[in-house]
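Hi everyone, thanks for coming.

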Amino acid sequence: MWIYDKKLQFPVNIKQTNSKLAKAIITQYGGPDGELGASLRYLSQRISAPYDVMKATLTDVGISVSI
């Protein structure tokens, strides 16, 4: 059985919002040149890798980029 406790590791206290900064941050994660795109490219390249060592390396890099 799993117990899911949705808590942040560190508390976040937002005093003032900044829409320009939020747009820049979300672009880095989800944009075409963002972290998610890079992670998915690494993970999709591992499918055609000829050697197991290459597959493992691409998997490790793809997972670590997305974390």
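Let's start with Tyr-29, which sits in helix H1, the stretch covering residues 19–30. Keep in mind as we go that this is a predicted model. So, is Tyr-29 buried or exposed? It counts as exposed, because its relative accessibility is 53% and the cut-off for exposed is over 50%.

Ser-19 has a relative accessible area of 62%, so it's exposed. If you go from Ser-19 to Asp-33, you move 14 residues in sequence, and the C-alpha atoms are 20 Å apart in space.

Okay, on to another serine. Ser-39 belongs to helix H2, residues 35–45. Here the relative accessibility is 2%, so Ser-39 counts as buried; the cut-off for that is under 20%. And what lies 2.7 Å from a polar atom of the Ser-39 side chain? That's the backbone oxygen of Gly-62.

Now for helix H3, which runs over residues 52–66 and includes Thr-59. Thr-59 comes out at 17% relative accessibility, so this one counts as buried too. Which residues does Thr-59 touch, if we skip its neighbours within four places in sequence? Those contacts are Leu-43 and Arg-46.

That's my tour, so over to you for comments.

Note on methods. Residues numbered from 1 in each chain as written. Predicted model: local features only at pLDDT ≥ 70, side-chain atom pairs only at ≥ 80, totals over all residues. Heavy atoms only, no water. Helix = DSSP H or I, 4+ residues; strand = E, 2+ residues; numbered from the N terminus. Buried < 20%, exposed > 50% of the residue type's maximum accessible area, 1.4 Å probe, protein only. Polar contact = N/O pair within 3.5 Å; in protein donor to acceptor, adjacent residues only side chain to side chain. Contact = heavy atoms within 4.5 Å.
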